[in-house]
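This report is written for a reader who is meeting the structure for the first time. Please keep the sequence and the model in view while reading.

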Amino acid sequence: MQSWIPIVPESASSFSWKVDALYFYLSGVTLFFTLLISGTLIFFVIRYRRRTPYEIPRPVAGSHKLETVWTVIPFVIAMTMFVWGASVFFDQYKPPQNAIEVYVVGKQWMWKLQHATGQREINELHVPVGRKVRLIMTSEDVIHDFFVPAFRTKADVVPGRYTTMWFEATKPGTYHLFCAEYCGMNHSGMIGSVIVMEPRDFDNWLSGNVGSMTPATAGQQLYQTLGCASCHGGSGEGGRGPALTGTFGTQISLASGGTVTADEGYLRESIINPQAKLVAGFGPIMPTFQGQVSEDQLMQLVAYIKSLHGAGTTTPAPTPSAAASPSPARAVASPAPAPSIR
Ligand code: CUA
């Protein structure tokens, strides 16, 4: 089904009409001034054309009133564009609460997606209608860009970091998914679809596609295999590294002063480049895991750490355990980090 204006793609997300309204406003203003200026131009060319070969035009003196008018009007128009545009922008980039999370890895030339419940997809994303969906995205190679025209949203997918975007689909259907950043030979073939389903159909789809374990469970296994627990003991033992339970989403005090929010990006960076933002009270003893874990595995580790909010039922009061960290002296005195890594 097409939208009511044939050249505009279908509109199927909670904010797509806001983007359209802004777009039509910008187009309207542009069209209005294009017509006004070219119309006036043509009128003046005819009205004030030279009628005799020796005609001399009347000199024009300045006019403060005129100057003020044509400064103030464009200023006001430009500010409406700015304020309106900023409000649409913040609306789209403010992360929603209680969203379904989907992990996205772009690579030349495909989209790999995994739901928090474990289902994996390639070049297809199934989502329920009327639920907020948040994508946590990264790339294995070059910059890609996740673009769903019907949702009026897109975001770069960048190697070495996480970017996020969210949407709430408002209409069941199948919508185009494009890569919107030139990424090599088959960039144009890096396409897929977002399939928006009624909640009941979506639940059926989920239960019919159990497949692999959840990212959090896979992350937990990795956490054991890589020996993370020997320093970041889930329940405070270990102690050479900060406890991770309940850390996600909190403000972390850094050894270098200042704080950082423990979001997905921070967790990822701390696994790849542990010394970049050391937690206050800990020594720089953690080895890097660069090259030892794939982007998929990094996401699993991050998903596992995220799942450690208060350990489900038993709440081990995360902040005190992080604050009651061992002295830096003790941390530095034990230079054998993560024994089970090679
Ligand atoms: Cu990926 Cu273009």
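Phenylalanine 146 stands opposite cysteine 179 in S9. Strand S6 (residues 144–148) and strand S9 (residues 173–179) pair in the antiparallel sense over 2 bridges; strands are DSSP runs of E with at least two residues, helices are runs of H or I with at least four, and both are numbered from the N terminus. Two strands count as paired if DSSP finds at least two bridges between them. This is a predicted model, in which local features need pLDDT of at least 70 and side-chain atom pairs count only at pLDDT 80 or more, while totals for chains, interfaces and linings use all residues. Residues are numbered from 1 along each chain as its sequence is written, and side-chain values use heavy atoms, with hydrogens and water left out.

S9 is also joined to S10 by 5 bridges, and these two strands run antiparallel. Here histidine 176 stands opposite serine 193 in S10. Serine 193 belongs to strand S10, which covers residues 192–197. With a relative accessible area of 17%, serine 193 is buried (buried means under 20%, exposed over 50%, and partly exposed in between, with a 1.4 Å probe and protein chains only). Apart from neighbours within four places in sequence, serine 193 is in contact (heavy atoms within 4.5 Å) with Asn123, Glu124, Leu125, Thr174, Tyr175 and Leu177.

## The open sheet

An open sheet of mixed pairing is formed by 5 strands in the order S3-S2-S1-S5-S8. Its edge strands, each pairing on one side only, are S3 (120–122) and S8 (163–168). From one strand to the next, the twist averages 25°.

Strand S2 (residues 110–115) pairs with S3 in the antiparallel sense over 3 bridges, and leucine 113 stands opposite glutamate 121 in S3. Helix H6 (residues 295–307) lies across S1 (100–107), S2, S3 and S5 (132–139), running at about 160° to S1; axes are lines fitted to C-alpha atoms, for helices over the stretch in contact, and angles run from 0 to 180 degrees between N-to-C directions.

## Helix H1

Helix H1 has 32 residues (residues 16–47), which at 1.5 Å a residue should span 46 Å, and the end C-alpha atoms are 46 Å apart, in agreement. The expected span is 1.5 Å times one less than the number of residues. The buried residues of H1 are Ser16, Asp20, Leu22 and Val29, and what covers them includes helix H2 (64–93).

## Rings and charges

The structure holds 12 aromatic pairs. Rings of Phe, Tyr and Trp (its six-membered ring) pair if their centres lie within 6.5 Å; planes under 30 degrees apart are stacked, over 60 edge-to-face, and the rest tilted. The rings of phenylalanine 89 and phenylalanine 90 are edge-to-face, because their centres are 5.6 Å apart and their planes at 75°.

The charged end of lysine 154 sits over the ring of phenylalanine 147, 5.0 Å from its centre. For such a placement, NZ of Lys or CZ of Arg is within 6 Å of the ring centre and within 35 degrees of the ring normal.

## Backbone exceptions

Most residues other than glycine have a negative phi, and most peptide bonds are trans. Asparagine 98, in the loop between H2 and S1, has a positive phi of about 55°. The peptide bond from glutamine 108 to tryptophan 109 is cis, with omega near -5°.
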